[in-house]
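Open the model in a viewer and keep the selection tool at hand. The stops below say what to select next and what is there.

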Amino acid sequence: MTRDTSYAAVMARKNEILKACVGLDYALFERSPIRFDYEGLLSSPGYSLAEVQRIQAETGVGRTPLVELRNTTDLVRSISRAGKGARIFVKDERCNPSGSFKDRRASLSVYHAAKLGYKGVACGSSGNYAAAVASQAAKRNLRTIILQEVFDSRKVGQPEILEKTRTCEAYGAEVWQLSVGPELFYVMLRVAEETGFFNASLWIPTGILGIETLGYEVAVEMKEREGRFPDAVVITNAGGGNVTGTTRGLAKAGSTKTAIIGASVDLRGLHMASDLDFNRKSFTTGHSGFSVPFMTLPDRTDVPRNAARQLRYLDRAVFVTQGEVFYATDLLAKLEGLDRGPAGNTSLAAALAIAREMDRDEILVVQETEYTGAGKLPSSQLTFARENGIEVRRGDPRENVPGKAIVIPEGPEQIRVEDLDLAKIRRSYVEKAVGAAAGYRPTEEDVRFLAEDSKSTVEFVRSALPR
Amino acid sequence: MVDEARRGDLVQIHIVVFRPEERTANIPDCTKAVPYEAWVKGFLLDESARIGDPVRVKTFAGRELGGDLAAINPAYDHSFGKPPVELIRASLEGRDRLGGAG
(Lines give C-alpha, C1' and ligand atoms only; values in the text may rest on other atoms or scores of the structure.)
Protein backbone atom coordinates (compact mmCIF):
# COMPACT_ATOMS: atom_id res chain seq x y z
CA MET A 1 0.00 0.00 0.00
CA THR A 2 1.37 3.42 -0.94
CA ARG A 3 0.83 5.97 1.77
CA ASP A 4 -0.10 9.56 1.04
CA THR A 5 3.11 11.60 1.33
CA SER A 6 1.59 15.08 1.07
CA TYR A 7 2.58 17.51 3.80
CA ALA A 8 -0.87 17.43 5.37
CA ALA A 9 -1.13 13.62 5.31
CA VAL A 10 2.30 13.06 6.86
CA MET A 11 1.65 15.66 9.55
CA ALA A 12 -1.65 13.95 10.33
CA ARG A 13 0.29 10.73 11.00
CA LYS A 14 2.85 12.57 13.15
CA ASN A 15 1.97 11.01 16.49
CA GLU A 16 1.96 7.40 15.30
CA ILE A 17 5.23 7.92 13.40
CA LEU A 18 6.88 9.50 16.45
CA LYS A 19 5.70 6.77 18.77
CA ALA A 20 7.30 4.18 16.51
CA CYS A 21 10.56 6.02 15.91
CA VAL A 22 11.36 7.06 19.47
CA GLY A 23 10.04 3.90 21.10
CA LEU A 24 8.16 5.94 23.66
CA ASP A 25 4.48 6.69 24.24
CA TYR A 26 4.38 10.28 25.51
CA ALA A 27 0.67 9.97 26.24
CA LEU A 28 1.56 7.86 29.29
CA PHE A 29 3.08 10.92 30.94
CA GLU A 30 0.35 13.46 30.20
CA ARG A 31 -1.58 14.47 33.31
CA SER A 32 -3.73 17.34 32.06
CA PRO A 33 -3.84 19.67 29.04
CA ILE A 34 -1.05 21.63 30.79
CA ARG A 35 0.82 19.25 33.03
CA PHE A 36 2.93 16.17 32.43
CA ASP A 37 5.09 13.94 34.62
CA TYR A 38 8.52 15.35 33.81
CA GLU A 39 10.60 13.20 36.16
CA GLY A 40 8.58 10.15 35.11
CA LEU A 41 9.39 10.89 31.47
CA LEU A 42 13.10 11.32 32.21
CA SER A 43 13.35 8.14 34.23
CA SER A 44 11.35 6.10 31.69
CA PRO A 45 14.37 4.85 29.67
CA GLY A 46 15.71 3.40 32.95
CA TYR A 47 19.32 4.67 33.12
CA SER A 48 20.97 5.70 36.37
CA LEU A 49 23.87 8.18 36.31
CA ALA A 50 26.28 5.30 36.99
CA GLU A 51 24.90 3.37 34.01
CA VAL A 52 25.22 6.42 31.78
CA GLN A 53 28.86 6.76 32.86
CA ARG A 54 29.49 3.11 32.02
CA ILE A 55 27.81 3.39 28.61
CA GLN A 56 29.75 6.55 27.76
CA ALA A 57 33.04 4.97 28.82
CA GLU A 58 32.41 2.16 26.29
CA THR A 59 32.66 4.64 23.42
CA GLY A 60 35.25 6.98 24.90
CA VAL A 61 32.86 9.78 25.83
CA GLY A 62 33.33 12.11 28.79
CA ARG A 63 35.97 12.50 31.51
CA THR A 64 37.28 15.55 29.68
CA PRO A 65 39.88 17.90 31.22
CA LEU A 66 38.76 20.78 33.42
CA VAL A 67 41.32 23.46 32.61
CA GLU A 68 41.99 26.64 34.56
CA LEU A 69 42.35 29.66 32.25
CA ARG A 70 45.04 31.45 34.24
CA ASN A 71 46.04 34.06 31.67
CA THR A 72 42.43 34.88 30.94
CA THR A 73 41.73 35.27 34.65
CA ASP A 74 44.76 37.60 34.92
CA LEU A 75 43.49 39.67 32.01
CA VAL A 76 40.02 39.92 33.58
CA ARG A 77 41.50 40.92 36.96
CA SER A 78 43.57 43.64 35.26
CA ILE A 79 40.33 45.36 34.25
CA SER A 80 38.30 44.59 37.40
CA ARG A 81 37.84 46.57 40.62
CA ALA A 82 40.00 45.61 43.60
CA GLY A 83 39.05 42.20 44.99
CA LYS A 84 37.07 41.28 41.87
CA GLY A 85 37.79 38.83 39.05
CA ALA A 86 36.76 35.20 39.60
CA ARG A 87 38.95 32.30 38.54
CA ILE A 88 37.77 30.98 35.17
CA PHE A 89 37.85 27.29 34.26
CA VAL A 90 36.79 25.56 31.08
CA LYS A 91 35.62 21.99 30.52
CA ASP A 92 37.47 20.94 27.38
CA GLU A 93 34.66 19.00 25.76
CA ARG A 94 36.53 19.13 22.45
CA CYS A 95 38.26 16.00 23.76
CA ASN A 96 35.15 13.89 23.11
CA PRO A 97 35.23 11.52 20.07
CA SER A 98 33.51 13.82 17.57
CA GLY A 99 34.73 17.00 19.25
CA SER A 100 31.91 18.31 21.41
CA PHE A 101 29.71 17.65 24.45
CA LYS A 102 27.05 16.45 22.02
CA ASP A 103 28.75 13.05 22.14
CA ARG A 104 27.28 12.72 25.64
CA ARG A 105 23.75 13.14 24.31
CA ALA A 106 24.30 10.96 21.25
CA SER A 107 26.09 8.17 23.13
CA LEU A 108 23.11 7.35 25.31
CA SER A 109 20.47 7.77 22.59
CA VAL A 110 22.38 5.61 20.12
CA TYR A 111 23.01 2.96 22.80
CA HIS A 112 19.29 3.05 23.60
CA ALA A 113 18.38 2.69 19.91
CA ALA A 114 20.65 -0.34 19.57
CA LYS A 115 19.22 -1.87 22.74
CA LEU A 116 15.67 -1.44 21.43
CA GLY A 117 16.66 -3.22 18.21
CA TYR A 118 16.61 -0.35 15.72
CA LYS A 119 18.89 -0.89 12.70
CA GLY A 120 19.72 2.76 12.27
CA VAL A 121 19.33 6.25 13.64
CA ALA A 122 18.14 9.44 12.03
CA CYS A 123 18.31 12.97 13.29
CA GLY A 124 17.68 16.51 12.19
CA SER A 125 20.65 18.65 13.19
CA SER A 126 22.94 21.03 11.37
CA GLY A 127 25.38 21.11 14.24
CA ASN A 128 27.73 19.08 16.38
CA TYR A 129 24.90 16.82 17.44
CA ALA A 130 24.66 15.40 13.91
CA ALA A 131 28.36 14.57 13.97
CA ALA A 132 28.00 13.02 17.40
CA VAL A 133 25.11 10.80 16.32
CA ALA A 134 26.98 9.69 13.20
CA SER A 135 30.13 8.97 15.23
CA GLN A 136 28.33 7.06 17.98
CA ALA A 137 26.28 5.11 15.42
CA ALA A 138 29.49 4.09 13.68
CA LYS A 139 30.79 2.78 17.01
CA ARG A 140 27.60 0.79 17.60
CA ASN A 141 27.40 -0.43 13.96
CA LEU A 142 24.11 1.31 13.21
CA ARG A 143 23.36 3.14 9.95
CA THR A 144 22.81 6.89 10.08
CA ILE A 145 20.70 9.42 8.20
CA ILE A 146 21.28 13.10 9.00
CA LEU A 147 19.02 15.96 7.92
CA GLN A 148 20.68 19.36 7.80
CA GLU A 149 19.48 22.84 6.89
CA VAL A 150 22.47 23.88 4.76
CA PHE A 151 21.67 26.00 1.71
CA ASP A 152 19.79 29.17 0.90
CA SER A 153 17.93 29.31 -2.43
CA ARG A 154 21.16 30.34 -4.23
CA LYS A 155 22.65 27.01 -3.01
CA VAL A 156 25.08 28.98 -0.88
CA GLY A 157 25.90 26.95 2.21
CA GLN A 158 26.72 28.29 5.67
CA PRO A 159 30.40 27.23 6.08
CA GLU A 160 29.94 25.83 9.57
CA ILE A 161 27.13 23.59 8.34
CA LEU A 162 29.05 22.54 5.21
CA GLU A 163 31.75 21.39 7.60
CA LYS A 164 29.13 19.41 9.49
CA THR A 165 28.04 17.71 6.25
CA ARG A 166 31.67 16.75 5.60
CA THR A 167 32.22 15.28 9.05
CA CYS A 168 28.93 13.37 9.08
CA GLU A 169 29.79 11.86 5.68
CA ALA A 170 33.24 11.01 7.04
CA TYR A 171 31.46 8.95 9.72
CA GLY A 172 29.51 7.16 6.99
CA ALA A 173 26.17 8.92 7.27
CA GLU A 174 23.66 9.59 4.50
CA VAL A 175 23.31 13.36 4.69
CA TRP A 176 20.33 15.31 3.38
CA GLN A 177 21.46 18.87 2.68
CA LEU A 178 18.24 20.84 2.78
CA SER A 179 17.29 24.39 1.92
CA VAL A 180 15.89 26.81 4.50
CA GLY A 181 12.58 25.96 6.13
CA PRO A 182 10.76 24.17 8.94
CA GLU A 183 9.76 21.39 6.52
CA LEU A 184 12.86 19.52 7.72
CA PHE A 185 10.50 17.97 10.26
CA TYR A 186 8.36 16.61 7.42
CA VAL A 187 11.44 15.02 5.84
CA MET A 188 12.34 13.58 9.23
CA LEU A 189 8.94 11.94 9.57
CA ARG A 190 9.18 10.50 6.06
CA VAL A 191 12.66 9.12 6.68
CA ALA A 192 11.46 7.55 9.93
CA GLU A 193 8.47 6.01 8.19
CA GLU A 194 10.47 4.72 5.22
CA THR A 195 13.41 3.28 7.16
CA GLY A 196 12.03 2.34 10.58
CA PHE A 197 15.12 4.04 12.06
CA PHE A 198 15.22 5.52 15.55
CA ASN A 199 14.70 9.29 15.73
CA ALA A 200 17.66 10.39 17.84
CA SER A 201 15.96 13.70 18.56
CA LEU A 202 17.85 16.16 20.74
CA TRP A 203 14.80 16.38 22.96
CA ILE A 204 14.16 12.78 24.01
CA PRO A 205 14.98 11.74 27.61
CA THR A 206 18.25 9.98 26.71
CA GLY A 207 19.39 13.15 24.92
CA ILE A 208 19.25 14.95 28.27
CA LEU A 209 20.31 12.18 30.65
CA GLY A 210 23.54 11.83 28.66
CA ILE A 211 24.54 15.40 29.59
CA GLU A 212 24.14 14.89 33.32
CA THR A 213 27.62 13.35 33.45
CA LEU A 214 29.06 16.70 32.33
CA GLY A 215 27.66 18.64 35.27
CA TYR A 216 28.51 15.77 37.59
CA GLU A 217 32.14 15.70 36.44
CA VAL A 218 32.48 19.48 36.86
CA ALA A 219 31.14 19.38 40.42
CA VAL A 220 33.09 16.34 41.57
CA GLU A 221 36.41 17.43 40.08
CA MET A 222 36.11 20.97 41.39
CA LYS A 223 35.29 19.70 44.86
CA GLU A 224 38.31 17.40 44.76
CA ARG A 225 40.72 20.02 43.43
CA GLU A 226 39.51 23.18 45.12
CA GLY A 227 37.49 21.88 48.02
CA ARG A 228 34.37 23.61 46.81
CA PHE A 229 31.73 23.53 44.12
CA PRO A 230 31.80 26.20 41.40
CA ASP A 231 30.04 29.44 42.31
CA ALA A 232 28.68 29.84 38.81
CA VAL A 233 28.55 27.85 35.58
CA VAL A 234 28.02 29.57 32.24
CA ILE A 235 26.31 27.42 29.64
CA THR A 236 25.85 28.22 25.97
CA ASN A 237 22.14 28.04 25.46
CA ALA A 238 19.93 27.30 22.49
CA GLY A 239 17.31 24.59 22.93
CA GLY A 240 18.07 24.17 26.62
CA GLY A 241 19.48 20.63 26.65
CA ASN A 242 22.88 21.71 27.85
CA VAL A 243 21.40 23.86 30.62
CA THR A 244 19.03 21.10 31.71
CA GLY A 245 21.47 18.20 31.69
CA THR A 246 24.38 20.11 33.20
CA THR A 247 22.32 21.55 36.04
CA ARG A 248 20.81 18.17 36.86
CA GLY A 249 24.27 16.63 36.87
CA LEU A 250 25.65 19.32 39.17
CA ALA A 251 22.76 18.69 41.56
CA LYS A 252 23.37 14.92 41.52
CA ALA A 253 26.87 15.65 42.83
CA GLY A 254 25.44 17.95 45.52
CA SER A 255 26.26 21.23 43.78
CA THR A 256 22.84 22.81 44.21
CA LYS A 257 23.85 26.39 45.05
CA THR A 258 25.84 26.98 41.87
CA ALA A 259 24.38 29.85 39.82
CA ILE A 260 23.27 28.62 36.40
CA ILE A 261 23.79 31.19 33.67
CA GLY A 262 22.67 30.63 30.08
CA ALA A 263 24.50 32.60 27.40
CA SER A 264 23.37 33.09 23.79
CA VAL A 265 24.60 35.10 20.84
CA ASP A 266 22.31 38.03 20.12
CA LEU A 267 20.80 37.53 16.67
CA ARG A 268 17.59 39.40 17.38
CA GLY A 269 15.99 40.75 14.22
CA LEU A 270 17.04 37.84 12.01
CA HIS A 271 14.22 35.43 11.20
CA MET A 272 15.19 31.79 11.63
CA ALA A 273 13.05 30.54 8.74
CA SER A 274 14.04 33.34 6.35
CA ASP A 275 15.84 32.35 3.17
CA LEU A 276 17.38 35.85 3.02
CA ASP A 277 18.52 36.02 6.66
CA PHE A 278 19.91 32.47 6.69
CA ASN A 279 23.41 33.38 5.54
CA ARG A 280 23.55 36.69 7.39
CA LYS A 281 24.26 34.83 10.63
CA SER A 282 27.79 33.96 11.67
CA PHE A 283 26.52 31.56 14.33
CA THR A 284 24.36 28.59 13.54
CA THR A 285 23.39 27.73 17.10
CA GLY A 286 23.71 28.97 20.67
CA HIS A 287 21.84 32.08 19.63
CA SER A 288 18.76 34.06 20.56
CA GLY A 289 16.77 32.65 17.63
CA PHE A 290 16.61 29.36 19.51
CA SER A 291 17.02 30.25 23.18
CA VAL A 292 14.20 32.77 23.51
CA PRO A 293 11.46 30.75 21.75
CA PHE A 294 12.51 27.60 23.60
CA MET A 295 12.27 29.36 26.98
CA THR A 296 8.69 30.45 26.47
CA LEU A 297 7.50 27.42 24.48
CA PRO A 298 9.75 24.47 25.37
CA ASP A 299 7.58 21.84 23.71
CA ARG A 300 7.90 23.33 20.26
CA THR A 301 10.15 20.45 19.18
CA ASP A 302 10.12 17.34 17.03
CA VAL A 303 8.71 15.22 19.89
CA PRO A 304 5.48 15.76 21.89
CA ARG A 305 7.29 16.79 25.11
CA ASN A 306 10.72 18.34 25.32
CA ALA A 307 12.92 16.75 27.96
CA ALA A 308 15.08 19.90 27.91
CA ARG A 309 13.41 22.56 30.05
CA GLN A 310 15.78 25.45 30.50
CA LEU A 311 13.43 27.75 32.39
CA ARG A 312 13.28 25.11 35.16
CA TYR A 313 17.01 25.52 35.77
CA LEU A 314 18.18 28.98 34.70
CA ASP A 315 19.09 31.55 37.34
CA ARG A 316 20.17 34.07 34.76
CA ALA A 317 20.16 34.38 30.97
CA VAL A 318 22.41 36.74 29.02
CA PHE A 319 23.19 37.80 25.47
CA VAL A 320 26.58 38.53 23.98
CA THR A 321 27.29 39.89 20.50
CA GLN A 322 28.84 38.07 17.55
CA GLY A 323 31.94 40.31 17.67
CA GLU A 324 32.45 39.54 21.36
CA VAL A 325 32.35 35.79 20.70
CA PHE A 326 34.88 36.05 17.87
CA TYR A 327 37.11 38.06 20.21
CA ALA A 328 36.77 35.50 23.03
CA THR A 329 37.58 32.74 20.53
CA ASP A 330 40.78 34.39 19.39
CA LEU A 331 41.78 35.32 22.96
CA LEU A 332 41.35 31.69 24.04
CA ALA A 333 43.75 30.62 21.29
CA LYS A 334 46.31 33.35 21.96
CA LEU A 335 46.16 33.44 25.77
CA GLU A 336 45.53 29.79 26.58
CA GLY A 337 46.73 27.84 23.54
CA LEU A 338 43.24 26.44 22.94
CA ASP A 339 41.98 26.82 19.37
CA ARG A 340 38.31 26.03 19.83
CA GLY A 341 34.95 26.49 18.13
CA PRO A 342 32.18 29.02 18.66
CA ALA A 343 29.77 27.03 20.87
CA GLY A 344 31.72 27.10 24.13
CA ASN A 345 33.20 30.46 23.28
CA THR A 346 29.76 32.02 23.48
CA SER A 347 29.74 31.27 27.21
CA LEU A 348 33.41 32.22 27.44
CA ALA A 349 32.60 35.70 26.08
CA ALA A 350 29.89 36.02 28.74
CA ALA A 351 32.31 34.72 31.39
CA LEU A 352 34.81 37.49 30.58
CA ALA A 353 32.17 40.01 31.66
CA ILE A 354 30.59 38.02 34.51
CA ALA A 355 33.91 37.13 36.19
CA ARG A 356 34.52 40.87 36.65
CA GLU A 357 31.42 41.12 38.85
CA MET A 358 32.50 38.17 41.01
CA ASP A 359 35.01 38.05 43.87
CA ARG A 360 38.59 36.87 43.29
CA ASP A 361 38.14 33.77 45.42
CA GLU A 362 35.07 32.67 43.49
CA ILE A 363 35.06 30.10 40.69
CA LEU A 364 33.33 30.44 37.34
CA VAL A 365 33.16 27.47 34.98
CA VAL A 366 32.61 27.62 31.22
CA GLN A 367 31.32 24.10 30.77
CA GLU A 368 32.20 23.28 27.15
CA THR A 369 34.53 23.77 24.25
CA GLU A 370 34.07 22.31 20.78
CA TYR A 371 36.40 21.40 17.91
CA THR A 372 37.15 23.95 15.24
CA GLY A 373 38.50 23.98 11.70
CA ALA A 374 37.51 24.93 8.17
CA GLY A 375 34.08 26.52 8.15
CA LYS A 376 33.98 27.04 11.91
CA LEU A 377 36.91 29.37 12.58
CA PRO A 378 36.57 33.15 12.89
CA SER A 379 38.67 33.34 9.70
CA SER A 380 36.05 31.25 7.84
CA GLN A 381 33.04 32.97 9.30
CA LEU A 382 34.28 36.55 8.99
CA THR A 383 35.35 35.94 5.38
CA PHE A 384 31.88 34.53 4.70
CA ALA A 385 30.20 37.43 6.53
CA ARG A 386 32.03 39.95 4.34
CA GLU A 387 31.05 38.01 1.20
CA ASN A 388 27.44 38.37 2.33
CA GLY A 389 27.65 42.12 2.76
CA ILE A 390 28.17 42.22 6.53
CA GLU A 391 30.43 44.98 7.80
CA VAL A 392 33.29 43.73 10.00
CA ARG A 393 35.26 46.31 12.01
CA ARG A 394 36.70 47.11 15.40
CA GLY A 395 34.85 49.38 17.75
CA ASP A 396 32.36 49.29 20.60
CA PRO A 397 30.43 45.98 20.61
CA ARG A 398 27.28 48.00 21.43
CA GLU A 399 27.34 49.06 17.77
CA ASN A 400 26.87 45.43 16.68
CA VAL A 401 23.77 44.92 14.50
CA PRO A 402 22.83 41.28 13.71
CA GLY A 403 22.91 40.73 9.96
CA LYS A 404 24.56 44.11 9.30
CA ALA A 405 27.64 44.80 11.42
CA ILE A 406 30.02 42.65 13.43
CA VAL A 407 32.04 44.81 15.80
CA ILE A 408 35.25 43.38 17.28
CA PRO A 409 35.91 44.96 20.70
CA GLU A 410 38.84 47.33 21.17
CA GLY A 411 39.63 45.59 24.45
CA PRO A 412 38.26 43.14 27.04
CA GLU A 413 36.75 45.93 29.17
CA GLN A 414 34.20 46.53 26.41
CA ILE A 415 32.74 43.05 26.71
CA ARG A 416 29.47 43.11 28.59
CA VAL A 417 26.46 40.91 28.89
CA GLU A 418 22.89 41.95 28.34
CA ASP A 419 20.61 40.35 30.92
CA LEU A 420 17.29 39.00 29.74
CA ASP A 421 14.28 39.83 31.88
CA LEU A 422 13.54 36.32 33.16
CA ALA A 423 10.42 37.41 35.07
CA LYS A 424 8.93 38.62 31.80
CA ILE A 425 9.95 35.40 30.05
CA ARG A 426 8.45 33.28 32.86
CA ARG A 427 5.21 35.22 32.57
CA SER A 428 5.18 34.65 28.82
CA TYR A 429 5.84 30.92 29.38
CA VAL A 430 2.82 30.66 31.71
CA GLU A 431 0.60 32.59 29.30
CA LYS A 432 1.57 30.36 26.38
CA ALA A 433 1.17 27.14 28.36
CA VAL A 434 -2.31 28.16 29.51
CA GLY A 435 -3.16 29.61 26.08
CA ALA A 436 -2.29 26.30 24.39
CA ALA A 437 -4.87 24.57 26.57
CA ALA A 438 -7.72 26.79 25.41
CA GLY A 439 -10.95 26.35 27.34
CA TYR A 440 -9.25 24.40 30.13
CA ARG A 441 -9.15 25.83 33.62
CA PRO A 442 -5.80 25.15 35.36
CA THR A 443 -6.03 23.20 38.62
CA GLU A 444 -3.87 23.66 41.73
CA GLU A 445 -1.64 20.86 40.49
CA ASP A 446 -1.26 22.56 37.11
CA VAL A 447 -0.24 25.78 38.84
CA ARG A 448 2.36 23.90 40.89
CA PHE A 449 3.68 22.29 37.69
CA LEU A 450 3.95 25.66 35.94
CA ALA A 451 5.81 27.08 38.96
CA GLU A 452 8.29 24.21 38.92
CA ASP A 453 8.66 24.30 35.16
CA SER A 454 9.48 28.01 35.21
CA LYS A 455 11.52 28.06 38.46
CA SER A 456 9.04 30.51 39.93
CA THR A 457 6.42 30.30 42.66
CA VAL A 458 2.77 29.37 42.86
CA GLU A 459 2.00 33.03 43.64
CA PHE A 460 3.91 34.17 40.57
CA VAL A 461 2.08 31.73 38.30
CA ARG A 462 -1.29 32.80 39.75
CA SER A 463 -0.42 36.42 39.03
CA ALA A 464 0.41 35.50 35.43
CA LEU A 465 -2.77 33.51 34.75
CA PRO A 466 -5.25 35.20 32.44
CA ARG A 467 -8.14 36.72 34.40
CA MET B 1 34.79 19.10 -16.44
CA VAL B 2 33.39 15.61 -16.71
CA ASP B 3 29.64 15.93 -17.14
CA GLU B 4 28.82 12.27 -17.59
CA ALA B 5 28.72 9.96 -14.61
CA ARG B 6 29.04 6.20 -14.83
CA ARG B 7 27.65 3.43 -12.66
CA GLY B 8 29.42 3.39 -9.28
CA ASP B 9 30.55 7.03 -9.41
CA LEU B 10 29.98 9.10 -6.29
CA VAL B 11 27.39 11.70 -7.26
CA GLN B 12 25.05 14.24 -5.73
CA ILE B 13 21.35 14.17 -6.52
CA HIS B 14 18.84 16.99 -6.23
CA ILE B 15 15.29 16.52 -5.00
CA VAL B 16 12.53 19.12 -4.97
CA VAL B 17 10.67 18.19 -1.79
CA PHE B 18 8.03 20.92 -2.18
CA ARG B 19 7.29 23.39 -4.94
CA PRO B 20 6.65 26.94 -3.66
CA GLU B 21 2.87 26.50 -3.77
CA GLU B 22 3.13 23.32 -1.65
CA ARG B 23 5.12 24.89 1.19
CA THR B 24 3.90 25.23 4.75
CA ALA B 25 1.98 28.37 5.65
CA ASN B 26 3.91 29.83 8.56
CA ILE B 27 7.12 30.94 6.89
CA PRO B 28 8.41 34.30 5.64
CA ASP B 29 7.43 35.30 2.09
CA CYS B 30 11.02 35.05 0.81
CA THR B 31 11.14 31.41 1.91
CA LYS B 32 7.67 30.62 0.60
CA ALA B 33 8.65 32.00 -2.82
CA VAL B 34 11.28 29.32 -3.41
CA PRO B 35 11.08 25.52 -3.51
CA TYR B 36 12.08 23.31 -0.59
CA GLU B 37 15.04 21.36 -1.92
CA ALA B 38 17.40 18.59 -0.90
CA TRP B 39 20.79 17.35 -2.06
CA VAL B 40 22.07 13.88 -1.14
CA LYS B 41 25.21 11.96 -2.16
CA GLY B 42 25.40 8.36 -3.21
CA PHE B 43 26.85 5.88 -5.72
CA LEU B 44 25.19 5.96 -9.13
CA LEU B 45 23.06 2.90 -9.91
CA ASP B 46 22.32 3.83 -13.54
CA GLU B 47 24.77 2.78 -16.29
CA SER B 48 25.48 6.40 -17.18
CA ALA B 49 23.85 9.79 -16.73
CA ARG B 50 24.37 13.47 -17.46
CA ILE B 51 23.75 16.43 -15.20
CA GLY B 52 20.00 16.96 -14.88
CA ASP B 53 19.05 13.36 -15.75
CA PRO B 54 16.75 11.49 -13.37
CA VAL B 55 18.88 8.85 -11.62
CA ARG B 56 18.97 6.43 -8.71
CA VAL B 57 21.77 6.19 -6.16
CA LYS B 58 22.78 4.03 -3.23
CA THR B 59 23.52 6.25 -0.22
CA PHE B 60 26.15 5.78 2.49
CA ALA B 61 23.38 4.37 4.69
CA GLY B 62 22.82 1.68 2.06
CA ARG B 63 19.41 2.67 0.77
CA GLU B 64 18.28 3.69 -2.69
CA LEU B 65 17.10 7.19 -3.52
CA GLY B 66 16.00 8.85 -6.72
CA GLY B 67 16.54 12.43 -7.91
CA ASP B 68 18.13 14.50 -10.65
CA LEU B 69 21.87 14.28 -11.12
CA ALA B 70 23.22 17.53 -9.65
CA ALA B 71 26.99 16.99 -9.53
CA ILE B 72 29.67 14.36 -9.92
CA ASN B 73 31.75 14.00 -6.76
CA PRO B 74 31.41 17.66 -5.69
CA ALA B 75 34.27 19.10 -3.62
CA TYR B 76 34.12 20.04 0.02
CA ASP B 77 35.02 23.63 -0.67
CA HIS B 78 34.31 25.38 2.64
CA SER B 79 37.61 26.88 3.68
CA PHE B 80 39.61 28.38 6.52
CA GLY B 81 39.04 31.83 5.01
CA LYS B 82 41.29 34.86 5.23
CA PRO B 83 43.01 35.76 8.49
CA PRO B 84 40.76 38.41 10.09
CA VAL B 85 43.22 41.26 10.64
CA GLU B 86 41.08 43.35 13.04
CA LEU B 87 40.47 40.34 15.24
CA ILE B 88 44.10 39.22 15.28
CA ARG B 89 45.25 42.73 16.25
CA ALA B 90 42.64 42.91 19.00
CA SER B 91 43.55 39.61 20.60
CA LEU B 92 47.33 40.15 20.29
CA GLU B 93 46.84 43.49 22.08
CA GLY B 94 44.93 41.63 24.76
CA ARG B 95 47.76 39.13 25.11
CA ASP B 96 50.36 41.90 25.29
CA ARG B 97 48.56 43.45 28.26
CA LEU B 98 49.73 40.45 30.27
CA GLY B 99 53.35 41.47 29.80
CA GLY B 100 55.79 38.62 29.24
CA ALA B 101 58.75 38.40 26.88
CA GLY B 102 58.93 40.73 23.88
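Predicted model: local features only at pLDDT ≥ 70, side-chain atom pairs only at ≥ 80, totals over all residues.

## Domains of chain A

Colour three parts of chain A: domain 1 covers 7-54 + 100-207, domain 2 covers 62-98 + 210-419, and domain 3 covers 429-464.

Now keep domain 2 and domain 3 of chain A in view. Their C-alpha centres are 30 Å apart. Where the two touch, domain 2 of chain A contributes eight residues and domain 3 of chain A contributes six residues. The side belonging to domain 2 of chain A is made up of five nonpolar, one polar and two charged residues.

## Strand 3 of chain A

Next, select residues 120-124 of chain A, which form strand 3. Five of the five residues in this strand are buried, meaning that each has 20 or more other C-beta atoms within 10 Å of its own.

Show the side chains. In a regular strand, side chains alternate between the two faces of the sheet. Here Gly120(A), Ala122(A) and Gly124(A) point one way, while Val121(A) and Cys123(A) point the other way, and all are buried.

Look for Val121(A), whose bridge partner in strand 4 of chain A is Thr144(A).

Then select residues 198-199 of chain A, which make up strand 6. Strand 6 of chain A is also parallel to strand 3 of chain A, with two bridges joining them. Val121(A) has a bridge partner in strand 6 of chain A as well, Phe198(A).

## Where chain A meets chain B

Bring chain B into view. The contact between the chains involves 57 residues of chain A and 40 residues of chain B. On chain B, select strand 2 (10-18), helix 1 (29-32), strand 3 (36-44) and helix 2 (85-96); each supplies at least two residues of the side that touches chain A. Which of these elements gives the most to that side? Helix 2 of chain B does, with nine residues. By class, the side of chain B that touches chain A has 21 nonpolar, nine polar and ten charged residues.

For the last stop, select strand 5 of chain A (residues 174-179) together with strand 3 of chain B. These strands are antiparallel and are joined by three bridges. Within this pairing, Leu178(A) stands opposite Ala38(B).

Methods:
Residues numbered from 1 in each chain as written. Chains lettered and ligands numbered in written order. Contact = placed C-beta atoms within 7 Å. Helix = DSSP H or I, 4+ residues; strand = E, 2+ residues; numbered from the N terminus. Nonpolar A, V, L, I, M, F, W, Y, C, P; charged D, E, K, R; others polar. Pairing = 2+ DSSP bridges. Domains from an automatic or database assignment. Buried ≥ 20, exposed ≤ 12 C-beta atoms within 10 Å, placed from the backbone.
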